[in-house]
Amino acid sequence: MSEKKTSSAVNKAKMYQLVLFPLNNGATNVYFVLVLSYVAQFGSSVLALGMFASIMVTAMRVCDAITDPIIGALMDRTSTKIGKFRPFMMIGSGIMAVSIIAMYVFLPFIPETMMWARYTGFVVVYFIWVIGYTFQTSCTRAGQTVLTNDPNQRPLFTIFNTIGSMLGMGVMQFLIPMIKNKFNVVDASGALIKSGYADPALYRIIAPIGIVISVALTALAIIGIAEKDRPEYYGIGGAAQEKTKISEYIEIIKNNKPMQRLMVAGAGCKLALAIATNTTVLLALYGIMMGNYDSLYLPMMVLGYVFAVPFFVLSVRTSQKLGQKASLVRYVTVALGCYVGVLALLLLSNPANPGMMLAFPFNGGGMINLYTIAFILFFGVGYGAYYATADMPIPMVADCSDYETYRSGKYIPGIMGTLFSLVDKLVSSLAQTLVAFIFLIFAGLNELPTDATPYSHGIKVAIIVMFCIIPMLAWAATLIAMKGYFLTGDKMKEIQAVNNARKAAIAEGMTMDEAMAKIQTVADIKA
């Protein structure tokens, strides 16, 4: 029986839709690397703004506390000829492309004699970019509600979302360091005296590359959701869905306990990922602490992705069998345990003893040693586990949105998506400010370090705090939050069954209030 013939049927997505729509997250993750990983380095090293750039990354995201709910409300009230979500994806992509060109290409041409213009331009352009980022990222969370509500299909979103992230984030993480090396300045002995990250020409190259990749992924994502971005898939009321007032959102979130806990868990996962993969932290770890950024960064990144592959498969199978909560808890626990080993190895590292340092037998990195093998195992398994779970809260947002429909009858994926993206952006921007302040506190650095910065014990302490301790605390917070999260696999099957039955009843003439009152459990459906 087709989806059009019965409103009570489970809404299943076609395989191409499951594959393509998550590329929207890959499109925005291009900017996660291009902006959130590099904008503070750019502001500090190219625009000479010092720590102001890192502080503004956080300050601008705090402004989203106002803009996010507004955009979420606008999305929930939107219904155009091309749907609810596609207009926001298109507009968001366009805003980000224009603002990135303005940031990385045009701002460096402002002379140093007009520093006030650099400060002003940086703030204005970055704020505009944040608006575009909100437009598009919120669609990833909200759009899942129309794509599928099948408990067996939703976990697949995680794996395809991760593949999309690799196409966006992974490609940029791979390309930028290689392009950066072309702009390094070395002395006669080959020693690095100026990092390529301080050269404005680097950003004029990586900005267009990132924009092209992001726009391409956005176009594919739009194709993926096009068939489902229609009123008949909007909640249990369809086109007749009652509009929710902005004043009601606080009450909704207050009563949606799973969403509250998911926001904490999502913040924990995002903070762990944002800190541990921060460009400056990795520069300091592999370049300053281990002494060979060029020979270590890419191999360790590739190893991390290789270890992540089996965890993607395991996490999906666990989610389909036991629910997404069980999968998230299980593999975050694995990551936490492995990073105890990573922490111990970093504490033991010693630049004066090559046997207690990372080494690979190429690019002058030295012969591989037992320390490196142990680090690969602990880091690889830990990274694989947490990378597989880093985006797992995203499909869980759709579960929380469906629970809200089940609880109150309201279909508000926009506000759910923007609330979660607010957490995403606040945490990721907090990560950059934490990086700057931790280097200041422990290493006494007034500017972000590069791979040309000399080693010190303070830098080692700062790296250990950011690469291990903060992610471990974030994972612990995730595990605590998930203890009270009751949207298990069985509960979601019950919720979907009740929602589908209510939708069928409304389609046959029952009012929303009648359907909500008469159909509350699976037993009511049978009756």
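This is a predicted model: local features need pLDDT of at least 70, side-chain atom pairs count only at pLDDT 80 or more; totals for chains, interfaces and linings use all residues.

Biologist: Why is Lys 228 called buried?

Modeller: The relative accessible area of Lys 228 is 1%, so it counts as buried. Lys 228 sits in the loop between helix H9 (200-225) and helix H10 (249-255).

Biologist: What does the side chain of Lys 228 reach?

Modeller: The backbone oxygen of Lys 12, at 2.9 Å. A polar contact is a pair of N or O atoms within 3.5 Å; within protein, one must be able to donate a hydrogen and the other to accept it, and residues adjacent in sequence count only if both atoms are side-chain atoms.

Biologist: Why are helix H8 and helix H13 called roughly antiparallel?

Modeller: H8 (residues 154-181) and H13 (residues 293-322) pack at about 175°, axes 10 Å apart. That angle makes H8 roughly antiparallel to H13: under 35 degrees is roughly parallel, over 145 roughly antiparallel, 65 to 115 roughly perpendicular, and the rest oblique. Axes are lines fitted to C-alpha atoms, for helices over the stretch in contact, and angles run from 0 to 180 degrees between N-to-C directions.

Biologist: Which kinds of residues make up the contact of H8 with H13?

Modeller: There are 15 nonpolar, six polar and two charged. Ala, Val, Leu, Ile, Met, Phe, Trp, Tyr, Cys and Pro count as nonpolar, Asp, Glu, Lys and Arg as charged, and the others, Gly among them, as polar. Contact means heavy atoms within 4.5 Å. Among the residues that meet are Ile 159, Met 166 and Phe 174 from H8, with Tyr 297, Met 301 and Val 316 from H13.

Biologist: How do you know that Ser 54 is buried?

Modeller: Ser 54 has 2% relative accessibility, so it counts as buried. Ser 54 lies in helix H4 (residues 52-62). Leaving out residues up to four places away in sequence, Ser 54 touches Ala 40, Gln 432, Thr 433, Ala 436 and Leu 448. Its C-alpha is 9.4 Å from that of Ala 431, 377 residues away in sequence.

Biologist: How many aromatic pairs are there in the whole structure?

Modeller: The search finds 28.

Biologist: What makes Phe 52 and Tyr 119 an edge-to-face pair?

Modeller: The ring centres are 4.7 Å apart and the planes sit at 75°, so the pair is edge-to-face. Rings of Phe, Tyr and Trp (its six-membered ring) pair if their centres lie within 6.5 Å; planes under 30 degrees apart are stacked, over 60 edge-to-face, and the rest tilted. Phe 52 is in H4 and Tyr 119 in helix H7 (residues 115-147), so the pair ties together parts 67 residues apart in sequence.

Biologist: Are Phe 52 and Tyr 119 buried, exposed or partly exposed?

Modeller: Phe 52 has a relative accessible area of 25%, so it is partly exposed. At 31%, Tyr 119 counts as partly exposed too.

Biologist: What kind of aromatic pair do Tyr 339 and Trp 475 form?

Modeller: Edge-to-face, at 5.1 Å centre to centre and 80° between the planes. Tyr 339 is in helix H14 (residues 324-348) and Trp 475 in helix H18 (residues 457-482), 136 residues apart. Tyr 339 is buried at 0% relative accessibility, and Trp 475 is buried at 1%. One aromatic cluster includes Tyr 339, Trp 475, Tyr 305 and Phe 312.

Notes: Residues are numbered from 1 along each chain as its sequence is written. Side-chain values use heavy atoms; hydrogens and water are left out. Helices (H or I, at least four residues) and strands (E, at least two) are DSSP runs, numbered from the N terminus. Buried means under 20% relative accessible area, exposed over 50%, partly exposed in between (1.4 Å probe, protein chains only).
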